[in-house]
Amino acid sequence: MLANYFPILLFIVVGLGVGAVAVSVGKVLAPHKPYDDKLAPYECGFEAFEDSRMKFDVRYYLVAILFIIFDLEIAFLFPWAIVLDEIGAFGFWAMMGFLAVLVVGFIYEWKKGALEWE
Amino acid sequence: MTFLQFAFYFFASVLVFAAAMVVTIRNPVKSALFLVLAFFSAACVWITLQAEFLAIVLVLVYVGAVMVLFLFVVMMLDINIAELRAGFTRYLPVGGVVAVLLVVEIVFVLARTFSPQQFANPPSHAADYSNTRELGELLYTTYVYPFEIAAFILLVAIIAAIALTMRARAPRKRIDPVRQVQTRREDRLRIVKMKSASRTAHRDQQDDAS
């Protein structure tokens, strides 16, 4: 079974190799003459206005959490879809119950306005 | 050492290296990226252990979703490195004691019960063997009760996230074209029939009032 994953391992190795070679060749061969003005950070030709670490709105966090929850739900759907013809009606309705509970949560967040962005 | 063992130890050492970088590197964003590397290495280790579904889900859920969340948290907290390092020596004794205790406990448990010789190698499966299929056959039949509990845990997570981060916002003034089009004259305009008062009577009333 693990032999199936050998091509993926090869892809990882080749991908890492191409990336490393490209970066290191650029590093070695490219002309490298830094001076202060070249290294200074700038923003559209101006001096940088503010620090790049700025606070995000907490609402991004809410969107990310809701995304994780439904991502997990999808993860539960994959094995179910594969064995659907073997687990019969019981397995089918087990997943329907699972989805029904999450649909309750989905309706809640919709009605609560958590998906709205003003 | 077979190739499989080599791959296992390679990914395991990358995992340990990445985990060490997560806690030692100063820039929190770089630390989050090393956590991505740690997740990927853990997924590779799990694949060498033939848990392919778990490995893919680890990449999908943790790298795809949880890391985004971590980055948001890093951005949201506005971490000041100097402030964080200020309490280092103050908390060192407490943190050190806790760390030593944890290590002692882990060594105590692992040294007695855990060694590679005690666990047989997982049987190697045929090329068409599907880990996901076996998981599905058990999860939706034998373990259906924990599966439904997982749904309720996710529901609780939805409600908790909304309760913690939703703010009451001002009701929005929004145009609803359907209602605009369907509005009839009677909804907006009220015609009140009343008797017209004569001019002299009106003046009399004013006099009475003053």
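**Notebook: chains A and B of a predicted model**

I began with the surface of chain A, which exposes about 8600 Å², with carbon and sulfur atoms supplying 71% of it (Shrake-Rupley method, 1.4 Å probe; for residues, only the protein chains shown count as cover). Residues are numbered from 1 along each chain as its sequence is written, chains are lettered from A and ligands numbered from 1 in the order in which they are written, and side-chain values use heavy atoms, leaving out hydrogens and water.

**Chain A.** I looked up the fold next and found 4 helices and 2 strands (DSSP runs numbered from the N terminus: H or I of at least four residues for helices, E of at least two for strands). Their order from the N terminus is α-α-β-β-α-α. Of the 118 residues in chain A, 24% are buried (under 20% relative accessible area; exposed is over 50%, partly exposed in between; 1.4 Å probe, protein chains only).

**Where A meets B.** I then turned to the contact (heavy atoms within 4.5 Å), which takes 51 residues from chain A and 52 residues from chain B. About 5000 Å² is buried between the chains, 76% of it from carbon and sulfur atoms (accessible area, 1.4 Å probe, that two parts lose on being put together, summed over both). I found 1 salt bridge between the chains (a Lys or Arg side-chain nitrogen within 4 Å of an Asp or Glu carboxyl oxygen). The side chains of A:Glu86 and B:Arg133 form a salt bridge at 2.2 Å, N to O. On the chain B side, the elements giving two or more residues are H1 (3-24), H2 (28-48), H3 (52-77), H6 and H7 (144-165). H7(B) gives the largest share, 14 residues.

**A loop residue in B.** I stopped at B:Gln50, in the loop between H2 and H3 of chain B. Its phi is near 70 degrees, a positive value in a residue other than glycine. Most residues other than glycine have a negative phi. B:Gln50 counts as buried because its relative accessibility is 11%.

**Another loop in B.** My last stop was B:Phe114, in the loop between H5 (88-113) and H6 (131-139) of chain B. Its relative accessibility is 48%, so B:Phe114 counts as partly exposed.

Technical notes. Predicted model: local features only at pLDDT ≥ 70, side-chain atom pairs only at ≥ 80, totals over all residues.
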